[in-house]
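Hi,

Here is the structure I promised to pass on to you.

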Amino acid sequence: MTTTNETRARKHVFPPPMERHYRVQHGRVQTRSLEAHIVDHCNLTCAECCSLSPLLPEWYAQPDALANDLRMAAKVLQPGVFKLVGGEPLLHPAIVDIVGCVRATGIAPMVSVTTNGLKLGDMADAFWQAVDALTISLYPKPRLAPDLVAHIESQAARFDVRLNWKVQDTFTVMNRAQPSTDRAEAQRIYHDCWIRERCHMVRDGMFYTCTRPAHFHTLFKGTQDFRGDGLALREDAGMLDAMLAYLQRETPLEACLHCHGGSAPQAPHRVLKRIEVETLKAFYP
Ligand code: SF4
Ligand code: SF4
């Protein structure tokens with residue numbers, strides 16, 4: 001019987017359960033995962049991309065700056081997995097060096113890459129040797145070619161890389177045409193949002209409970225300050241308490257006024273046309 005991408009894929013529970021209890025072990029908060037978006041741009045333009053990638057300029061993370069952030073984060077955080085995300089992270093020419101930098105910080109026992117898979121056929125053996133796991137998003141269009149899927153499975157088996165095929169035929173409609181001014185609604189959305197526990201992110205010296213503020217900050221080109229939604233990484237003795245307080249805060253983020261949250265309705269996945277991307281970009285500075 002032919003095995004399809006869909007039958008390979010694990011079933012994902014959606015929306016996932018909330019996990020608001022943060023245990024501290026050996027001075028580090030135990031979390032599910034932490035991620036860094038190592039590029040902002042992508043080779044696709046999915047509508048409702050959570051990372052706002054179709055609207056953001058080309059950008060590449062600097063390995064040394066990321067390593068510096070992670071060294072500070074690792075003093076108070078212990079995620080189960082560290083994820084390299086984007087945009088499309090395989091577009092970063094130094095991705096193998098970045099995996100090495102991440103590992104050297106000791107932030108997490110596992111380093112994973114989240115990708116749309118389209119460039120996996122171009123990756124050198126050094127890449128497969130470096131990573132522990134891959135999450136590969138499977139969209140209805142463009143589908144990964146069967147020979148690319150076979151290559152991915154063969155390389156994963158050869159280099160002992162764990163594969164997580166993730167069917168994504170729907171996306172959560174999180175983006176708002178206009179920001180809200182209703183702070184009570186933002187409070188409710190934030191309270192019910194599972195993303196704030198599952199998508200912790202570091203970027204430019206900051207830790208964020210979700211990925212949206214950092215990307216809004218780039219999208220608004222600093223005309224609105226979303227960095228205030230994050231926690232500045234630092235090395236003093238108060239950092240552990242500051243991290244716990246930040247993770248458990250009940251005050252919504254400024255970004256929540258621009259977002260429908262993780263429990264918003266779903267829409268079928270589709271790729272935006274160039275004209276649609278340009279029209280959306282025109283709303284922003
Ligand atoms: S592949 Fe992922 S990062 Fe790229 S546009 Fe689609 S959802 Fe965004
Ligand atoms: S901005 Fe607020 S509502 Fe949107 S994903 Fe982040 S925490 Fe959830």
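Predicted model: local features only at pLDDT ≥ 70, side-chain atom pairs only at ≥ 80, totals over all residues.

Residues are numbered from 1 along each chain as its sequence is written, chains are lettered from A and ligands numbered from 1 in the order in which they are written, and side-chain values use heavy atoms, with hydrogens and water left out.

**Ligand 2**

Ligand 2 sits in the largest cavity. A cavity is a set of points, on a 1 Å grid over the protein atoms alone, where a 1.4 Å probe fits but cannot get out; a pocket is an open set with protein on both sides within 12 Å along at least five of seven lines; and lining residues have an atom within 4 Å of a point. "Sits in" means that more than half of the molecule's atoms lie within 2 Å of the grid points. Around ligand 2 (a heavy atom within 4 Å) you'll find, among others, Cys193, Cys210, Cys256, Cys259 and Arg212. The shell splits into 8 nonpolar, 1 polar and 1 charged residues. Here Ala, Val, Leu, Ile, Met, Phe, Trp, Tyr, Cys and Pro count as nonpolar, Asp, Glu, Lys and Arg as charged, and the others, Gly among them, as polar.

**The second largest pocket**

This pocket holds about 470 Å³ of space, the volume being what is filled by probe spheres set on grid points joined across faces, edges and corners. It is lined by 21 residues, and Leu55, Asn175, Arg176, Leu280 and Tyr284 are the closest to its centre. The lining has 14 nonpolar, 3 polar and 4 charged residues.

Leucine 280 touches Leu55 and Leu272, leaving aside residues up to four places away in sequence; touching means heavy atoms within 4.5 Å. Is leucine 280 exposed, partly exposed or buried? It counts as partly exposed, because its relative accessibility is 32% (buried is under 20% relative accessible area, exposed over 50%, partly exposed in between, with a 1.4 Å probe and protein chains only).

Two cis peptide bonds to look up: glycine 86 to glycine 87, with omega about 20 degrees, and lysine 141 to proline 142, with omega about 0 degrees. Histidine 26 isn't a glycine, yet its phi is positive, near 50 degrees; at 78% relative accessible area, histidine 26 is exposed.

Cheers
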